[in-house]
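Thank you all for coming. I would like to take you through one structure, going from the whole chain down to a few single residues, so please keep the picture in view while I talk.

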Amino acid sequence: MKLATYNNGRRDGQLMLVSRDLTKAVAVPAIAHTLQQLLDAWDLLSPQLTELYDALNAGVLENTVDFDETKCLSPFPRAFQWADGSAYVNHVELVRKARGAEMPETFWTDPLFYQGGSDSFIPPRSNIEMGSEDWGIDFESEIAVVTDDVPMGVSSDNAAKHIKLLMLVNDVSLRNLIPAELAKGFGFFQSKPSSSFSPVAITPDELGDKWQDSKVHLPLITHLNGELFGKPNAGVDMTFNFSQLIAHVAKTRPLGAGAIIGSGTISNYDRSAGSSCLAEKRMLEVIADGKASTPFMRFGDRVRIEMLDDAGKSIFGAIDQQVVEYKA
């Protein structure tokens, strides 16, 4: 299935069932008003939605509308849990190498995570409002999964069955605020503002054989100001798959239905695939030239994040956002 949330003037929006080709959509209030309601009763409600989804794709469902990505909020406009990992350890290795720091061996056995703010996500086609260009505004192109209820202590072998949906992510980061925060020894807060998610969330079966071993085996494509910035394959060089990430997060706590778990910045050792954030490109420049030459985002810059199937069709719709100055 493919699901979206339309802006209806309410905090949690209106759940919409979206056709596989992203051309048609239909509200399903008789089943669920919001995506969180659906996740809260997934086993009961998802079979009913599957029947409607088949009818929607067959073109025999009434009351459909043309699907419009500009009307979408993030699939979850707000969520109970947003935890973002760093599953591509080569990306972390590169960060540390650029500043001459050794990487502990534990980075290869224990995923890094931060707990992000989840009370207000930015819609996928809305502006990214920032108070200053001096903050070092960066995008991070990622993938996230959404779970049902996950018991504390779940094994990575059993975690896969709890993955119900996938989304794309723009994990907005403020690079110049990060060093001072981490120097305090506690973690991110101001340097990690609201994130954004793709217009559409999908069930894993929509990916066919591109969903294997709890990984998405497709390139994640990022354009910056209309120019291709990177297209690393999300299934390559992923040190920790999503099952392992879920097991790590749930080691000491259960996860409630609707928990969002992110992959961290997609990154390949093959640098010809480009990058999924400005920081990585800048690190490569530091290693090669001794200094970074690529600037962070400025007001007016635009980022687009999308994933295409083998036929070139958009799977999740596109995160397409411009950075603008915040006016209080």
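Among contacts in the protein between residues at least 6 apart in sequence, 72% join residues that are at least 24 apart. Please keep in mind, as we look at such contacts, that this is a predicted model. The chain is built from seven helices and 21 strands, and 54% of its 328 residues count as buried.

What radius of gyration does the protein have, and what would a compact globule with 328 residues have? The protein has 19 Å, which agrees with the value near 20 Å that a compact globule of that length would have. Along the principal axes, the C-alpha trace spans about 60 × 45 × 40 Å.

For residues 1-78, UniProt lists "domain: Fumarylacetoacetase N-terminal", and the entry is an unreviewed one.

Let me now move to one helix, α6, which spans residues 242-249. This helix is mostly covered, since six of its eight residues are buried, and the buried ones are Phe242, Ser243, Leu245, Ile246, Ala247 and Val249. Where does the cover for these residues of α6 come from? It includes the strands β7 (113-115), β10 (141-147), β11 (163-170), β15 and β19 (260-262), together with the helix α4 (156-159).

Finally, I would like to show you two residues with a particular backbone angle. Most residues other than glycine have a negative phi. Ser214, however, has a positive phi of about 60 degrees although it is not a glycine, and Asp237, also a residue other than glycine, has a positive phi near 65 degrees. Ser214 sits in the loop between β15 (211-212) and β16 (215-216), whereas Asp237 lies in the loop that runs between β18 (227-230) and α6.

Are these two residues buried or exposed, or something in between? Ser214 counts as buried because its relative accessibility is 8%, which is under the 20% cut-off. Asp237 has a relative accessible area of 27%, so this residue is partly exposed.

Technical notes
Residues numbered from 1 in each chain as written. Predicted model: local features only at pLDDT ≥ 70, side-chain atom pairs only at ≥ 80, totals over all residues. Heavy atoms only, no water. Helix = DSSP H or I, 4+ residues; strand = E, 2+ residues; numbered from the N terminus. Rg over C-alpha atoms; globule rule 2.2 N^0.38 Å. Buried < 20%, exposed > 50% of the residue type's maximum accessible area, 1.4 Å probe, protein only. Contact = heavy atoms within 4.5 Å. UniProt positions renumbered as here; feature names shortened; annotations may be inferred.
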